[in-house]
Amino acid sequence: MRRGSRSGLPLIVAVHSRELGPAAGGCRLRRYDTWQDGLADALRLSEAMTYKAAVAGLDFGGGKSVIALDRDTELTADLREAALADLGELIASLQGAYRAGPDIGTGPEDMAVLRRFSPHAYCAPEELGGVGSSGGPTATGVLAALRAGAQHVFGSASCTGRTVVISGFGSVGSGIAAGLAAEGAHVVVSDVDQSRKDVALARGYEWVEPDQALSAPADILVPAAIGGVLSESTVPRLTAPLVVGPANNQLTEDSVADALAERGIVWIPDYVASAGGVVYVLSREAEGYSHEAADKRVQTIAETVTHILDLASTTGTTPLRTAHQIAEHRLAAARSRAA
């Protein structure tokens, strides 16, 4: 933790694990009631990144960085630049132990600022040597996970004729919608940003208001916005037998996975379904894969999901617990090799 010398803002880098390799995770720039809330966010998200990388078969650990704004601070262009420079300096001081990418509040242009200080900032614009936005590969990975889930639940990976509700119509949600619509699915979308309604309708999608998205009739629900949407109180409202999406930390607590299973709802752990962006970016920028090879690696998320769901069914446990066990097995093996 550090208070930026240029910006005066609290900066946090959390490294949860380096047992499989350098810690990797996005840079979040957002407002918090207190900087301690930003710290809690960084710690929680860095742990999730450890499991995401481990289950995806990546040789990386989990990390996260946070630039914490308070509720009253005006984020001017100059303050943003100063805060990113401060964080870039902090990342450089870690000498590759932590690798950054975009997250809520940051994008490729911000990664370009970090790269002035450290090469360990990914997803800068392509003209600056990065791969640009990771939204496309993230959507590709979700679609792979979704089709594997559909095969398990419905007996067919095809989504033709199925109703899919996508809660969150940002860059990733819109990519998922486009892929499903091209396959012949009935796509229903929702977003708190009402300006996106006209875009959705123009593309031929149905629109549902955000407070109705979870309970709207659906074969598949795709949480693609904020986390914490699945709780003991919201699970009874769900109509879809399959839930899979890219939103981070969808469960308010792990016990909600049991509540979903009790209702016969198959929930694919968010850190499994959302791994496409991380897999693609690290494959390209850290490991030197070609676009084709990295994209093929993203597609293996389908095999991972199939393995998790089959194993969960065989052992009578939840997909969440099964995914955790797979991750812990990889981490334990790495510890044994290092001992």
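Visitor: Which buried residue has no salt bridge, and what is the nearest side chain of opposite charge?

Guide: Start with two ideas. Buried means under 20% relative accessible area, exposed over 50%, and partly exposed in between, using a 1.4 Å probe and protein chains only. A salt bridge is a side-chain nitrogen of Lys or Arg within 4 Å of a carboxyl oxygen of Asp or Glu. Here, Arg162 is buried but has no salt bridge, and the nearest side chain of opposite charge, Asp219, is 4.4 Å away. For charge, Lys and Arg count as positive and Asp and Glu as negative, while His and the chain ends are not counted. This is a predicted model, in which local features need pLDDT of at least 70 and side-chain atom pairs count only at pLDDT 80 or more, while totals for chains, interfaces and linings use all residues. Residues are numbered from 1 along each chain as its sequence is written, and side-chain values use heavy atoms, with hydrogens and water left out.

Visitor: Where is Arg162 found, and what does Arg162 touch?

Guide: Helices (H or I, at least four residues) and strands (E, at least two) are DSSP runs, numbered from the N terminus. Arg162 is in the loop between helix H4 (135–154) and strand E6 (163–167). Contact means heavy atoms within 4.5 Å. Not counting residues up to four places away in sequence, Arg162 touches Phe154, Ala185, His186 and Asp219.

Visitor: How many salt bridges does a search of the whole structure find?

Guide: The search finds 18. In one of these, the side chains of Arg6 and Asp86 meet at 2.8 Å, N to O. Arg6 lies in the loop between strand E1 (2–3) and strand E2 (10–15) and Asp86 in helix H2 (residues 77–93), so this pair ties together parts that are 80 residues apart in sequence.

Visitor: Which of the two, Arg6 or Asp86, is buried and which partly exposed?

Guide: Asp86 counts as buried because its relative accessibility is 2%, whereas Arg6 is partly exposed, with a relative accessible area of 41%. Arg6 also forms a salt bridge with Glu89, where the closest N and O atoms are 3.3 Å apart. Glu89 lies in helix H2 too, so that pair ties together parts 83 residues apart in sequence.

Visitor: Which residues form a negative surface patch?

Guide: Patches are made of residues with over 30% relative accessible area and no salt bridge, with like charges joined within 9 Å and nonpolar side chains (Val, Leu, Ile, Met, Phe, Trp, Tyr) within 5 Å. Here the negative patch is formed by Glu47, Glu232, Glu253, Asp254, Glu262 and Glu328. Glu232 lies in the loop between strand E9 (220–223) and strand E10 (242–243), and counts as partly exposed because its relative accessibility is 43%.

Conventions. Accessible areas come from the Shrake-Rupley method with a 1.4 Å probe; for residues, only the protein chains shown count as cover. The place of a charge is taken as NZ of Lys, CZ of Arg, CG of Asp or CD of Glu.
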